[in-house]
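Okay, thanks for making time, everyone.

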Amino acid sequence: MTALAMSGLVFGFDSPNTQHNKLAFWYVMMIVLVIRLIDAAIWYIRSQKTDYDPQTYLIRFSTGVVVTALVWSSYSIVLYSTMATLELASTMIILSAMAGGAATILAPSRTLVWLYCSILLIPMSVLAIFDQREEFLILGSLGLMFWVAMLITSLRSNRFFSDAIELKARNVELMKQMAAEKGVIQRINDELHRTNEKLDATNATLEEEVIKRTEELHRLSSRDPLTSLMNRSGFLRHLDRLLETAKKTNSRLAVLFIDLDGFKQVNDSLGHRVGDEVLVEVAQRLTRFCEADCLARWGGDEFIMILPYANRDTAIAVAQAARSGVTLPFNVAENQITLDATIGISLFPEHGELAPILIQDADLTMYQQKRTSRGSVGVFNAAIYESLKEEQALHEGLRQAIAKREFTLVYQPLVTSEDEKLWAVEALLRWQFGGRAIGPDVFIPLAEKCGLIHEIGIWVLHRACIDAAQWQFDEPVAVSVNVSVIQLMADGFIKILDRALASSGLNPERLHLEITESVFAKNKEKVIREVNAIKARKVQISIDDFGTGFSSLSQLQSLNFDHIKIDRTFVQNLEEGSDTIIRATVLIAREFGCKTIAEGIETPEHAAHLKAMGVDYLQGYYYAKPLSLTDLLHWYNNNNR
């Protein structure tokens with residue numbers, strides 16, 4: 001690279017006045033490089049012997065590096081005044097590139113890399129800074145900044161190299177110990193074999209065959225047939241052995257749980273044959289980042305890796321490198337496939353001392369990373385475990401909440417703005433789990449995630465209809481029930497609605513269903529069919545949280561609805577000018593021939609302001625909080641008679 005770079009500068013720019021100087025530098029550089037090449041060949045030959053002194057060759061190599069840098073520096077200083085802007089910029093770029101390469105290649109010697117980079121970059125950068133031309137000042141400043149960056153980079157590379165050497169030394173020690181133990185076992189087996197031959201010579205051939213088959217069965221039982229990596233059972237045995245060694249040597253160990261992102265789409269779209277080839281390639285790539293038998297296919301597209309003697313920083317660095325290896329494109333069966341990986345890390349002894357615990361912690365961390373930041377690396381902590389444990393407990397609790405009668409409905413009144421008389425009530429779901437109240441903002445998303453929202457929604461609809469049918473009010477009061485997008489879009493919702501009305505005996509006109517604007521993002525044609533079917537049964541429709549979604553007037557115009565519900569955020573920020581939005585909503589509602597409902601009213605000023613703007617119905621803590629059936633009757637008797 002040095003020869004190519006020097007040749008490019010000398011012969012790539014037409015400068016007749018200085019060409020002889022350039023050729024002189026070129027000859028000097030070629031002589032230096034030839035000498036260094038010969039010295040490298042001598043070193044290679046001598047290094048094959050066990051008694052050679054590496055220090056002598058290190059000094060000679062360092063001298064060659066410094067001389068090369070001095071030739072470069074002399075070239076830039078002597079010819080600086082004759083360079084045009086393009087040539088100067090090219091020279092600066094080449095010197096920076098050489099320094100950048102040296103920051104990694106020469107990283108084992110911090111002194112050598114600093115000296116090389118300084119000789120290359122500082123002289124020419126200083127000359128450019130003190131040059132009267134503005135563009136040269138910029139080049140000089142960039143050169144000095146790049147010099148500082150290379151020094152920092154070399155520090156990190158030197159630290160990584162030192163850690164790698166230490167890790168390799170420990171690994172060599174471990175491999176020697178394993179080889180010694182293997183030799184002892186082999187000697188014992190040989191002795192047993194000779195004894196058996198003496199006792200029964202006629203069974204020697206049969207015994208040998210049994211041993212071979214046993215070894216083959218053991219090998220097959222410990223390997224994944226597709227990737228030839230360790231399988232679960234073989235990996236667990238190997239991890240147990242490494243943990244025992246780590247305990248004896250008081251060393252550390254890391255477990256990496258690797259899950260591929262995007263592999264399911266490969267299987268679904270390109271078939272399992274292509275998927276299997278991708279898994280084999282992934283396995284081959286991952287083996288580059290760990291020792292033999294320290295990588296296993298855990299199942300499906302999940303892999304697990306052991307890093308003996310690795311601390312937190314080393315484990316993260318290896319995990320990032322492994323993930324980068326996975327993200328490189330695959331070319332399989334004329335298809336270019338790109339995957340990513342999410343990796344969870346657990347550490348011995350910080351996170352556990354047993355193999356199942358370390359694997360579980362790494363798996364939980366991977367799962368949490370997949371939920372919050374897919375395609376990333378995370379290290380286990382107690383908060384992850386507690387969060388997932390709490391979520392799992394809530395999942396299990398939700399499955400039994402209806403059977404255990406832990407769900408209840410409370411009702412919040414909606415009053416007319418004209419005389420503040422009860423007009424309808426909204427049914428709100430509450431859950432008491434383990435003696436504590438779980439908010440709807442927590443358990444509703446969980447119910448949707450684990451597929452229980454349909455069952456819960458059916459229970460809410462039936463319970464609300466039954467309660468409303470039994471109310472003893474002086475006038476007919478409607479009940480309003482929230483229906484999620486998932487419920488509305490599911491097949492069979494209309495049948496569920498019919499059963500709820502039939503079993504409760506509730507007049508359909510006294511049932512209001514609230515749907516949010518987000519329903520418009522789904523299948524528009526199906527939404528229209530469902531809404532028309534609901535309206536055909538004389539059930540009323542309310543658009544909930546109006547103004548917070550992305551619905552257009554054309555979408556609203558295509559639906560048959562009765563009420564628009566103004567979101568509480570607009571009501572509680574009237575002083576910030578949101579009354580313009582409310583006035584517009586009232587105007588839109590009147591144009592569509594429907595009524596408006598404002599929720600979140602907490603003060604008399606809110607109520608008065610909304611009445612003045614023409615809102616039809618009001619709801620909020622100013623009138624009443626969500627009430628039980630008994631409290632709702634008391635509230636009605638105290639406020640509506």
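Helices here are DSSP runs (H or I, at least four residues), as are strands (E, at least two), numbered from the N terminus.

Some housekeeping: this is a predicted model, where local features need pLDDT of at least 70, side-chain atom pairs count only at pLDDT 80 or more, and totals for chains, interfaces and linings use all residues. Residues are numbered from 1 along each chain as its sequence is written, and side-chain values use heavy atoms, with hydrogens and water left out.

Now, helix packing. H12 (residues 355-372) and H13 (residues 382-401) have axes 10 Å apart, at an angle of about 75°. Axes are lines fitted to C-alpha atoms, for helices over the stretch in contact, and angles run from 0 to 180 degrees between N-to-C directions. So H12 is roughly perpendicular to H13 (65 to 115 degrees counts as that, over 145 as roughly antiparallel). In that contact (heavy atoms within 4.5 Å), Gln 360, Leu 364, Thr 365, Tyr 367, Gln 368 and Arg 371 of H12 meet Ile 384, Tyr 385, Leu 388 and Glu 391 of H13.

And how do H1 and H4 run relative to each other? They're roughly antiparallel: the axes of H1 (residues 2-12) and H4 (residues 85-105) cross at roughly 175° and come within 11 Å. Thr 2, Ala 5 and Leu 9 are the H1 side, facing Glu 87, Ser 90, Thr 91, Ile 94 and Met 98 in H4.

On a 1 Å grid over the protein atoms alone, a cavity is a set of points where a 1.4 Å probe fits but cannot get out; a pocket is an open set with protein on both sides within 12 Å along at least five of seven lines, and lining residues have an atom within 4 Å of a point. Helix H8 (residues 232-249) gives the most to its lining, three residues.

The second largest pocket holds about 970 Å³. Its lining has 38 residues, with Glu 426, Leu 428, Pro 440, Ile 444 and Asn 482 nearest the centre.

Note on methods
Points joined across faces, edges and corners; volume = space filled by probe spheres on them. Parallel < 35°, antiparallel > 145°, perpendicular 65-115°, else oblique.
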